[in-house]
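Subject: Handing over the structure

Hi there,

Here is the structure I promised to pass on to you. Have a look at it first, and then read on for my notes.

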Amino acid sequence: MKKVLIALFIFVTILAAAILVIPSFIDWSGHRAEIAKKVKEATGRELIIGGNIAFTVIPSPVLKIGDIHLANAANASSTDMIAVEQLDVRVSLLPLLAGNIHVQSIRLIRPIIQLEILENGKGNWLFTTSNTAPADIETTKQSNDPAFIENDTANKPSLPIQIDNLIIEQGQLVYLDQANQIREEIRDINSRFGIAGLNGPFEAAGTMLVRNIPIGIEGSIGQIIHGRTASFATQIRFAHGKTSTRITGTLVNLAEGPKVSAKINLNGDSLAGFISAFQKTNQMAGGLDRTFSARGEMTYSPNGLSLGKDGLTLMMGDDRGTLHVEYEKKETQQLRIKANFSKIDGDAWLDASPYKVVEPAPLAPVITLSTKQPQQGSRISAAIDTATPPKEQAVKTPSSPNIPNDLNATVAINVDALLFKEQAIRQAQANISLTQGEIALERLSAILPGAGELTVLGVAGDRNGKLNFDGTLDLNVTHLRGALNWLQVNTSNVPLERLQQVTLKSDLNVTGEELHLLNLEAKLDGSTLNGGLSIALQSRPSFGASFHLDQLNLDAYLGQEIQSPAPAQNDSTTAQNPSVPENPAAQSPTSLLESLALLNTFDANLDLSAGQVVYRNQTIEDIYLNATIFDGKLDIQDTHITNLAGIRLTGKGSIAPTEDGYRADNLFLSLDAPHFTEGAALMGLGNVLDWSKIGAGNASITFNGPVLSPDMDINITALDTTFFAAAKADLLPLPTAEASINIAIADVAKLTKGLGVNYRPRSPLTKIDISADLNADLTQTTLKNIIAQIGNDQVSGHILFKQQSHPHLDVNLQADRLDVTPFLPADDQTTSSNINKVPTTNTSQASAASNRWSQEAIDFAFMQNMDADFQLNAKQLLYKKVILDNLALKAQLQNAELNINDASANLFGGQAKISSKIVAGETNNIQATITAKDMKLKPLLNQIGSTTAANGILALNTTLATQGKSENDFISHLNGNGSLNLNQVSVSGKNTGGSLLIFSISWRPYPAKTHQKV
């Protein structure tokens, strides 16, 4: 017997050893086909095991399978539905001998699960086989169904199973819906799950990236008691803003429908940091960088949700509020939301420094990653690389609003005081309701500083497949000045009787694409604005505006300092006084480009008009602008001002961006007026001219080509004079211009009189036509190819003006014949123009009436302001009855000294030559040398009015000098000496032959007597 027992023991030992050891020697990888066959029979999908299969029993059962792939459904976007690089399962041996399953660990390394909605609308996770109906066909079971009662396992003991660690390492979950262009992905899933039994308790912890947002989750569920009740606790952590939400409570009635009673505690260090997880930007409003929290209770059941009687207590920095939410699931769902804030400090939100977004510190890992690295080129790495679709899919915008018809909801928001700019906006309220698919904005209102009331009402709903809001806007501010002071607008210069009240009423229409203000009416003091505004709700600002202003008295708002324009200042005053501001209308090329660049930042349709505007005591009537701005192009269809203080202005044309910059296309501006008096006063030019003498006139300019180097056609007509220029300007690198100009003067007397020049020609002048080529830059201006047609006479030449520290003028003119007699002042005019004279004070004024020479000072100051070279050549010059042949004149002005170096001509049959010097100063000095020879006496005597028949040959040589400030001074101080020779003198036609007389003359200062020697 003893031997039998020993033999039996040895047999059992050998058998146990065989059971424990032999599996280690079995090639389990050879059974891939059998395993794949069983899986396909169960799921209808191919299973491919590309790696090895290993199974050992000692010291504990361990199963390892590498490179697992479960095929996807037909027509899916990827080959595999599930791919796992490595599956490791470790089970405790001893509990197995007692019939219990104790899994020490399950580790899934780099699993990829792709869930997809197929074209037929079904999910790829629904399996079908050839022997069974589709797995997604379900039969609804009732609680009193015998089959349901028979299969109820609530009262049966659960399978004794325990999983200590279910670990997912570097997992990835992808969800695709191609029809709706939806793709969601959760990456870098590193998590651990623990299951004490099928009835719990359960615990889980993990980290993952959801839409590239790092999230950490920790949670536990206590043991399920009687299949109905369990306690739970969970915490969700966000790296952004160091935000965490903790929810603790109980789950009850799990079998029939779970009910949850929980406490919520959400808090974070930075609301801006938390928001930056969802809104990708480099900078956010600094007011959001503050702590925040929400605390309260919550109850949930299949029939509703509530945040408790007291709601959630909200905290954002120093601001406090409450949030109440009640949801009931009845035949018609009921939702009520109410938020109350006693105070919100808007200044604290707006005044804080901008928040710089930074990447948060990573969340602490909850598992230790294996040292095994992914095998590049394996099927797993290929699955990882192809987990994303071949092309990025955009989220599809819903074509129609999804407003539920079975939900009735109300939302009420109340803020007792909203602080903004150190004053409170009070009783800010918003009441919104939803009934049968219609959203009603029952009230959006606030009481503003300045006794202002704002109210918005309206209804939103589905209109032709789009969400549409129709409502009204009403704003009434009875103390506008107080409201403007609140907005830090300085109103101290505006008279107190202005800025009293403003009202604004408008219909509102808002769609998903546009916002419309319709039938708008705004009233300010005595002015009314009517019209509408449409704004496109898109990233690029786009709007259309149509407004009409009936009247506006700007003088009533601008104060007394604007009533009388300041006197015009000449260039010398401006140069000497650096405080005089530069012309504000003058723009540098850079500022011009910056202004035009603004056109490329928005699109607009503009239809703007005003009936009457009063400015500087002048009336501006019928102002109109019709223009479009699109893709940077400004297209002006029509703009005009019918009456700008008597002037009509019009304009049209376009400016558009090109690769080479902005270009003008027939940009046309014009003005036309019967008179300019009021218009000049309006523009501050009233003192420049006596505009009442100008009369009617018009001007126009047309631009074409690049705005920094445009071609221009300029036309000006006034005072029976027409000016035309075909010009081209170039503003870079330094401004330059060139032009062909033409000036046609029909009436010189009218022109000079209109320009305020005290000059009237001796006789009517024939038409004068002047043409020239102009070139100008910052340093000089040149007139070349000058041709002046004066009746039958023609003058040609060139003029050069150099702008330098001391300006220089170079004039060179030629003429075949030039009659200057018509240009002489009329006989009743003084010998000098009043424009060049200023009154003097001296003791001799008392005797001016008896003096034939004027005592008014002649202004020689121009000689000190510039240098000049002057040259005139004329084959024939007519002066009254005097004819000068072969006239040549050269003069030079330098350092306030005018030198006439050479002035010669053939005169009275002989030759005459003059050289002189004029020095300008406190006392002006004049010196002259006159020589003449072979001059015939008879025509000379006839010219001075003598009727004698005497004749002869005259020769003259004299030197003269004088000084002073007026004609009287020059004559009084005239002195010098010279000689006069008469040859071949004849009286009554008789020739005496030889030289008859030789005079030697000495000049003394007037009134001394003249001495002569014969």
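The protein chain has an average pLDDT of 81, and 81% of its residues score at least 70; pLDDT is the predictor's confidence in each residue, from 0 to 100. This is a predicted model, in which local features need pLDDT of at least 70 and side-chain atom pairs count only at pLDDT 80 or more, while totals for chains, interfaces and linings use all residues. Residues are numbered from 1 along each chain as its sequence is written, and side-chain values use heavy atoms, with hydrogens and water left out.

Two stretches call for some care. Over residues 381–398 pLDDT stays under 50, and the model has 22 contacts there beyond four places in sequence, a contact being heavy atoms within 4.5 Å. Over residues 562–586 pLDDT also stays under 50, with 18 contacts beyond four places in sequence.

Now for the chain as a whole. Its secondary structure comes to 16 helices and 54 strands; helices (H or I, at least four residues) and strands (E, at least two) are DSSP runs, numbered from the N terminus. Of the 1014 residues, 34% count as buried, where buried means under 20% relative accessible area, exposed over 50%, and partly exposed in between (1.4 Å probe, protein chains only). Among contacts between residues at least 6 apart in sequence, 47% join residues at least 24 apart. The accessible surface comes to about 59,200 Å², and carbon and sulfur atoms account for 57% of that; such areas come from the Shrake-Rupley method with a 1.4 Å probe, and for residues only the protein chains shown count as cover.

Strand β16 (residues 304–306) runs antiparallel to β18 and is joined to it by three bridges; two strands pair if DSSP finds at least two bridges between them. In this pairing, Leu-305 stands opposite Tyr-327 of β18. Strand β17 (residues 312–316) is also antiparallel to β18, with five bridges between them, and Met-315 faces Arg-320 in β18. β17 and β18 make a hairpin with two residues between them, and Gly-317 in the turn has a positive phi of about 65°. On to strand β19 (residues 333–345), which is antiparallel to β18 and joined to it by nine bridges. Here Glu-328 has Gln-334 of β19 as its bridge partner, and four residues lie between β18 and β19 in their hairpin.

Thr-702 counts as buried because its relative accessibility is 18%. Leaving out residues up to four places away in sequence, Thr-702 touches Asn-666, Leu-667, Phe-668, Asp-711, Met-712 and Asp-713. Ala-725, in strand β37 (residues 721–730), is buried too, with a relative accessibility of 3%. Its contacts, again without residues up to four places away in sequence, are Met-712, Asp-713, Ile-714, Ser-740 and Ile-741. Ala-725 and Ile-701 are 24 residues apart in sequence, and their C-alpha atoms are 9.4 Å apart in space.

What about the backbone? Most residues other than glycine have a negative phi, and most peptide bonds are trans. Leu-719, in the loop between β36 (711–718) and β37, has a positive phi near 55°, and with a relative accessible area of 5% Leu-719 is buried. Asp-67 lies in strand β3 (residues 62–71) and has a positive phi near 55° as well; at 15% relative accessibility, Asp-67 counts as buried. The peptide bond from Gly-200 to Pro-201 is cis, with omega near -5°, and Pro-201 is in the loop between β8 and β9 (202–210).

Last, the surface. Ile-182 belongs to strand β8 (residues 182–195) and counts as partly exposed because its relative accessibility is 32%. Together with Trp-125 and Tyr-175, Ile-182 forms a nonpolar surface patch with about 250 Å² of accessible area. Patches are made of residues with over 30% relative accessible area and no salt bridge, with like charges joined within 9 Å and nonpolar side chains (Val, Leu, Ile, Met, Phe, Trp, Tyr) within 5 Å; a salt bridge is a side-chain nitrogen of Lys or Arg within 4 Å of a carboxyl oxygen of Asp or Glu.

Enjoy exploring!

Best wishes
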